[in-house]
Amino acid sequence: MILGGAEEIGANSCYLNLDGTGLLIDAGLHPRDRAERALPWLEGLDDRPSDAVVITHAHTDHVGGLPYVLRKLPHVRTVMSHATRDLTHDVLHNCAKLLKSDVTRWFPKEALDYYKRDVIEMIRHGFEAVPYNEPWVIRGFNGMSDVSVRLHPAGHILGSASVHLSCNGMSILHTGDIQFDHQAMIAKAATPREHVDCLITEATNAFSDRPNDYAQESKRLAQFVNTVTNANGSVLIPSFALGKTQEILRTLYTLMRKGSIPQLPIYTGGLGVKISKVYDQHCYTEPMRTPGFEVSDIPQERIRFDQLFTADYMRKPSIVVASSGMVNKGTTSYALATAWLQKPNFGIAVIGYQDPETPGHALLHSGVDRPFDFGGRTMKRSCLIDRFRFSAHASLEGLLGLIMDVRPSTLCIVHGEPEACDHLALCVKERLPNTRIIIPRLGRSYVIEQGSTVARMGSA
Ligand SMILES: [Zn+2]
Ligand SMILES: [Zn+2]
């Protein structure tokens, strides 16, 4: 049963009942919705068994609902990779901050109690960290079946993992958010390619036919930086604090080392800096492109919030990497963008996914000198803007490669817009006509059988 993230990128959470042992994979907070779909739909569990929560990675849409889930299911084990455990702490405190400034009349107010500082500090002590590629067991309660679990590097962000489950001969692989191409920092996924009975896969990029081409996009970014800085302007890169910030810093550093762009001051700040420290702590132990490379090796100036509009980057060519990635109102990137918009020689490089309802999306689709609604303010854009694709998600090609290798009897498609889920389903139908394909609906149960073993997504 999908409790969040069905035909959208939402409060991702998938409930599985394997021969009487229940587990949740992920416990997300919706990136935007603050009403019914803000948190995983736990009411759907009724009195179904729940023994463990396995977290695939520390992005808000996968871990941000954890305080709520653990308040409702206080008895469950919470398991994740070592790096995810270290990241989750900062991410949850940030979720608490976001929620406080973002409560709508629909949001269950009592849920805010789960995000108090002392509650987060308390629950984090119960998080269990496990290494990649080694099996561990969720013991079935009251004689129910044991479930063997292995995490595999998913190539998405630091600590990201795919989850491989086996129970009484049945195997299930949940990809989590996955990337089969190398990024600048994180090495590509190392998912086992053996047959599974059921594959649950993300589909974020499945509607785009463009493969990821880091080299090409780096070249375009270098051209953009050169155009702006040659005109004595500065470049703003709105960036998610976790993942995108570290990847873009590494990309900029490489471009500077190669002489593709000049040695410019790079400004960073806020949560991104804290997260970079966790990247550095794991630079030898996690699957990195260059083991031992530290984000702190890249010279960086701090963004000072008391000098946001008067700092040197307003006068001297510089690059400012600031969150949020979708330029949400109230964030550093939003405040800076309002200043950037008025300067014809400045530029904004958009590098991440832009939800259609965010200021980042409005910015990206704005015309020069035409009024547009920018987070509730009418603004005009004078500065340059361009979009660059540095995706941390698998291309359609990558997803089909995995699916063809593991040849699942059942395929469940989640974590994608409806057209992405449909497109992936069509492509698989052509190639594997005997595979049962499910695009699960929120809260509906599905039964997956293999021999005498029954796995239930829910408990139909
Ligand atoms: Zn993610
Ligand atoms: Zn996600």
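1. Basis. The model is predicted, so that local features need pLDDT of at least 70 and side-chain atom pairs count only at pLDDT 80 or more, while totals for chains, interfaces and linings use all residues. Residues are numbered from 1 along each chain as its sequence is written, and chains are lettered from A and ligands numbered from 1 in the order in which they are written.

2. Overall form. The chain holds 11 helices and 23 strands, taken as DSSP runs numbered from the N terminus (helices H or I, at least four residues; strands E, at least two). Along the principal axes, the C-alpha atoms fill a box of roughly 70 × 45 × 40 Å.

3. Domains. The domain assignment, automatic or from a database, gives domain 1 (2–209 + 392–457) and domain 2 (214–387), with C-alpha centres 29 Å apart. Their contact (C-beta atoms, placed from the backbone, within 7 Å) takes 23 residues from domain 1 and 21 residues from domain 2. On the domain 1 side, α3 gives the most, with 6 residues, and that side divides into 14 nonpolar, 6 polar and 3 charged residues; here Ala, Val, Leu, Ile, Met, Phe, Trp, Tyr, Cys and Pro count as nonpolar, Asp, Glu, Lys and Arg as charged, and the others, Gly among them, as polar.

4. Helix pair. The axes of α3 (residues 82–100) and α7 (residues 271–281) come within 10 Å and cross at roughly 170°, the axes being lines fitted to C-alpha atoms over the stretch in contact and the angles running from 0 to 180 degrees between N-to-C directions. The two helices are therefore roughly antiparallel, a term for angles over 145 degrees. In this contact A83, D86, L87, D90 and N94 of α3 meet L271, K274, I275, V278 and Q281 of α7, and the residues divide into 5 nonpolar, 2 polar and 3 charged.

5. Loop residue. F390 sits in the loop between β19 (384–387) and α10 (396–406), and counts as buried because it has 20 C-beta neighbours inside 10 Å, the cut-off being 20 or more other C-beta atoms. Not counting residues up to four places away in sequence, F390 touches Y214, E217, E247, I248 and I351.

Definitions and conventions:
Angles under 35 degrees count as roughly parallel, over 145 as roughly antiparallel, 65 to 115 as roughly perpendicular and the rest as oblique. Two residues are in contact if their C-beta atoms, placed from the backbone, lie within 7 Å. A residue is buried if 20 or more other C-beta atoms lie within 10 Å of its own, exposed if 12 or fewer, and partly exposed in between; C-beta atoms are placed from the backbone.
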